[in-house]
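This briefing sets out selected features of one model. Please consult the sequence and the structure shown below while reading.

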Amino acid sequence: MKIGIVCYPTFGGSGVVATELGKALASNGHEIHFITYSQPARLDFFSENLYYHEVSMAQYPLFDFSPYESALASKLVDVVKFEKLDVLHVHYAIPHASVAYLAKQILASHGINIPVVTTLHGTDITLVGKDKSFSPVVTFSINQSDGVTTVSENLKEQTLEYFDVNRDIRVIPNFIDFSRFHNKSKEHFKRAIAPGNERVITHTSNFRKVKNTQDVVRIFKRVNDVIPSKLLMVGDGPERHNTEELARELGVSQEVRFLGKQDAIEEILSVSDLFLMPSSSESFGLAALEAMACHVPVISSNTGGLPELNVQGISGFLSNIGDVDDMAKHAIYILEDCDRLKVFKDAAFARAQEFDLAKILPLYENYYEEVVSASKKG
Ligand code: GMT
């Protein structure tokens with residue numbers, strides 16, 4: 001198939017899923033066209049089946065806000081028409097689903113039918129999409145898509161609860177590519193990070209409010225009081241400063257390393273013993289899945305789609321949002337005993353295998369086939 005993929009090309013989870021999906025589809029023989037405003041962060045290799053079309057915008061002094069939607073719609077029309085795409089797959093509803101609808105209407109006026117699949121990733125529904133300034137457009141464009149997927153059952157339920165949706169939604173969870181995410185032997189790195197053989201605890205995120213990065217430090221402080229440990233904070237974003245401040249206030253800054261944005265996340269996870277995700281909202285929790293694939297158990301909140309990934313008492317533990325005492329208690333339970341830690345590490349890996357790319361990719365391929373054939377009939 002010839003598939004157009006639209007996403008945010010940044011480090012966010014939706015862009016990562018879109019890019020990894022495109023790469024995997026290309027390896028499976030599909031022709032994939034990424035249409036974004038800059039090269040997606042993980043589109044870092046060449047394949048004969050991969051194409052990248054940059055959305056560029058004419059600047060004009062009248063534009064206080066650049067009309068990105070119009071530029072993207074025009075690019076979609078151009079790429080669909082000239083590359084003869086079979087389907088457009090847009091990731092993150094705002095603004096991609098409504099832009100795809102506009103492009104679809106323009107193409108229809110040229111006698112071209114292009115089915116649109118929209119994947120909802122989380123904050124486009126739970127946070128931003130619900131806002132009055134977006135919700136009529138989000139509702140309309142979900143209903144106008146030829147296919148809609150969410151990354152968890154919980155996100156599907158939330159979509160149906162918050163929006164007046166009159167169509168089926170297919171749940172296709174996030175996935176993991178084990179050829180990249182597996183436990184690598186990084187003993188020299190581990191010795192550098194934890195010279196006293198301390199336990200290594202890791203958090204990766206975009207340091208936005210929903211990630212509760214200060215709770216990560218609060219949990220760490222409680223663990224570190226009992227078990228010698230180090231905390232690796234990977235990523236960057238608006239809450240980083242406050243989080244660093246808290247580490248100083250709590251007297252643990254010497255044990256906490258803020259590593260900023262990192263490409264080789266799998267190497268950091270390979271030296272980790274525990275992953276913390278105390279988010280107040282999480283539609284799936286891709287970062288936790290990446291950790292589990294590298295044999296790292298997860299202490300998370302029990303919000304959103306996290307209970308569909310993290311299995312209580314098996315791959316880790318889940319607690320109420322903000323209950324840092326409970327999270328710290330569970331973290332200590334896992335880390336205090338070497339044999340127990342090994343059991344949790346193995347179980348986290350086993351759970352991650354249920355989200356193997358090889359299992360999830362056919363779900364998308366079959367869905368494209370269904371949507372394309374229904375759109376030809378209809
Ligand atoms: O986590 C983020 O803030 C980034 C966000 C995104 O849309 O880029 O991630 C969302 O999509 C991921 C991939 O589907 C999910 O695994 C994350 O759970 C989800 N984040 C939230 O719901 C907060």
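The model is predicted, so local features need pLDDT of at least 70 and side-chain atom pairs count only at pLDDT 80 or more, while totals for chains, interfaces and linings use all residues. Residues are numbered from 1 along each chain as its sequence is written, and side-chain values use heavy atoms, with hydrogens and water left out. Helices (H or I, at least four residues) and strands (E, at least two) are DSSP runs, numbered from the N terminus.

- An open sheet of seven strands is arranged in the order E3-E2-E1-E4-E5-E6-E7, with parallel pairing; two strands pair if DSSP finds at least two bridges between them.
- The edges are taken by strand E3 (50–54) and strand E7 (170–171), each of which has a single partner strand, so one side of each is left without a neighbour in the sheet.
- Strand E2 (residues 31–36) is joined to E3 by five bridges in the parallel sense, and Ile32 stands opposite Leu50 in E3.
- H1 lies across strand E1 (2–6), E2, E3 and strand E4 (87–91), and runs at about 155° to E2. Axes are lines fitted to C-alpha atoms, for helices over the stretch in contact, and angles run from 0 to 180 degrees between N-to-C directions.

**The six-stranded sheet**

- A second topic is the open sheet of six strands, whose order is E10-E9-E8-E11-E12-E13, with parallel pairing.
- Strand E10 (256–260) and strand E13 (316–319) form the edges; each has a single partner strand, so one side of each is left without a neighbour in the sheet.
- On average, neighbouring strands of this sheet are turned by 20° against each other, direction ignored.
- E8 and E11 are paired in the parallel sense over two bridges, with Thr202 opposite Phe275 in E11.
- E11 and E12 run parallel and are joined by three bridges; Met277 has Ser300 in E12 as its bridge partner.
- From E12, Val298 and Ser300 point one way and Ile299 and Ser301 the other way, yet all are buried (under 20% relative accessible area, with exposed over 50% and partly exposed in between; 1.4 Å probe, protein chains only).
- Helix H9 (residues 240–249) lies across strand E9 (229–234) and E10, and its direction is at about 165° to E10.

**The enclosed helix H11**

- Eight of the eight residues of helix H11 (residues 286–293) are buried, so H11 is largely enclosed by the rest of the structure.
- The buried residues of H11 include Leu286, Leu289, Glu290 and Met292.
- These buried residues pack against helix H1 (13–27), E8, helix H10 (265–270), strand E11 (274–277), strand E12 (298–301) and H13.

- The axes of helix H12 (residues 324–335) and helix H13 (residues 338–353) come within 6 Å and cross at roughly 105°.
- H12 is therefore roughly perpendicular to H13 (angles of 65 to 115 degrees, against under 35 for roughly parallel, over 145 for roughly antiparallel and oblique for the rest).
- Tyr333, Ile334 and Leu335 of H12 make the contact with Arg340, Leu341 and Phe344 of H13, where contact means heavy atoms within 4.5 Å.
- This contact of H12 with H13 holds five nonpolar, no polar and one charged residues. Ala, Val, Leu, Ile, Met, Phe, Trp, Tyr, Cys and Pro count as nonpolar, Asp, Glu, Lys and Arg as charged, and the others, Gly among them, as polar.
- H1 and helix H14 (residues 357–377) have axes that come within 11 Å and cross at roughly 85°, and are therefore roughly perpendicular to each other.
- On the H1 side the contact involves Leu21, Ala24 and Leu25, and on the H14 side Leu357, Leu361, Tyr364, Glu365 and Tyr368; by class there are seven nonpolar, no polar and one charged.

**The loop residue Phe207**

- Phe207 is found in the loop between strand E8 (199–204) and helix H8 (213–224), and is buried with a relative accessible area of 0%.
- Among the residues that Phe207 touches, not counting those up to four places away in sequence, are Thr213, Met233, Pro238, Arg240 and Phe258.
- Phe207 and Pro238 are 31 residues apart in sequence and 6.0 Å apart in space, C-alpha to C-alpha.
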